[in-house]
Amino acid sequence: MASPADARRTTPLAHSCARAHRCPRPLRLRVLARTPLFANLNLNLADIDRRMRARGFNAGEYLYQQGETASHLYIVAAGRAKVIRTNTGGDLAITNILGPGDLFGGLEFLGVARHHESVQALQTTCALQVDAPAFRQLLTDYPAVALRAFDELATQLRETHDAFAHATTAPLQARVAEVLLRLAAKFGDDTEVGELIEVPLSRADLAAMCAATTESVSRIMSAFKRDGLIDSGRNWTALTNRMALEDIAAQFAVN
């Protein structure tokens with residue numbers, strides 16, 4: 001029988017592979033079909049897949065770093081990664097968590113000469129990578145994708161602005177609640193422990209998403225757990241009272 005200490009050390013999160021690998025072609029095709037850039041368009045996804053390179057990254061490995069030349073676009077095929085921005089004072093902020101189907105990266109001809117953020121794998125991650133010449137040709141061969149590409153870039157800019165506005169204006173309790181709800185909407189899975197956020201986030205990661213200190217966020221998470229709003233363990237969180245969290249986030253919503 002497991003002891004309470006053993007129970008605290010276990011995690012309900014789904015395990016990822018321990019070593020980086022290149023994901024199989026059927027998985028890549030399924031991911032391309034659900035990616036907003038290509039979804040519901042009459043495209044030859046097998047042809048698009050051939051233009052991309054599958055790359056594997058271990059947990060903690062950077063896909064690219066802030067300030068580097070932007071020479072590729074990426075699509076997450078499997079795994080999770082965090083988007084990190086560092087300001088001139090050296091403070092870190094996590095602006096997004098990426099999962100399967102998410103498009104990120106940059107190319108000079110799309111207006112991004114250098115990366116404004118770093119992307120680091122949270123777990124074993126496979127990403128599809130396409131360089132500038134291949135993506136230019138893809139837009140030429142599939143004009144509908146060109147329209148989607150600019151819409152996608154505009155959406156990303158708007159979401160980044162909204163997240164930043166909330167992270168710098170709302171009280172911390174509301175920011176933590178909003179981040180948990182946002183993560184659950186994207187990565188939540190109903191389990192016996194609650195609505196489990198399938199992302200291995202540390203308290204430091206969560207604090208960086210809320211523009212706060214680890215200690216402050218830990219106190220709020222402890223209060224949420226004590227009040228029955230969440231359950232949590234080492235690097236995992238599950239929502240157990242979504243409605244209460246929604247009330248907290250809505251009370252301080254940014255107009």
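The conversation below sets several computed values against the definitions behind them.

Mentor: This is a predicted model, in which local features need pLDDT of at least 70 and side-chain atom pairs count only at pLDDT 80 or more, while totals for chains, interfaces and linings use all residues. Residues are numbered from 1 along each chain as its sequence is written, and side-chain values use heavy atoms, with hydrogens and water left out.

Trainee: What makes β1 an edge strand?

Mentor: The open sheet has 4 strands in the order β1-β8-β3-β6, with antiparallel pairing, and β1 (53-57) and β6 (103-107) each pair on one side only, as edge strands. Strands here are DSSP runs of E with at least two residues, helices are runs of H or I with at least four, and both are numbered from the N terminus.

Trainee: How do you know that β1 pairs with β8?

Mentor: Two strands pair if DSSP finds at least two bridges between them, and 5 bridges join β1 to β8 (residues 125-131), the two running antiparallel. Within this sheet, Phe57 stands opposite Thr125 in β8.

Trainee: Why is Arg80 said to have no salt bridge?

Mentor: A salt bridge requires a side-chain nitrogen of Lys or Arg within 4 Å of a carboxyl oxygen of Asp or Glu, whereas the nearest side chain of opposite charge to Arg80, Glu198, is 5.5 Å away. Lys and Arg count as positive and Asp and Glu as negative, with His and the chain ends not counted.

Trainee: What makes α7 largely enclosed by the rest of the structure?

Mentor: Of the 8 residues of α7, 6 are buried, and therefore the helix is largely enclosed; the buried ones are Asp205, Leu206, Ala207, Ala208, Met209 and Cys210.

Trainee: Why are α7 and α8 called roughly perpendicular?

Mentor: The axes of α7 (residues 203-210) and α8 (residues 214-226) come within 8 Å and cross at roughly 100°, and that makes α7 roughly perpendicular to α8. The class covers 65 to 115 degrees, with under 35 roughly parallel, over 145 roughly antiparallel and the rest oblique. Axes are lines fitted to C-alpha atoms, for helices over the stretch in contact, and angles run from 0 to 180 degrees between N-to-C directions.

Trainee: Which residues of α7 meet α8?

Mentor: With contact meaning heavy atoms within 4.5 Å, Arg203, Ala204, Leu206, Ala207 and Cys210 in α7 meet Thr214, Val217, Ser218 and Met221 in α8.

How values were computed:
Buried < 20%, exposed > 50% of the residue type's maximum accessible area, 1.4 Å probe, protein only.
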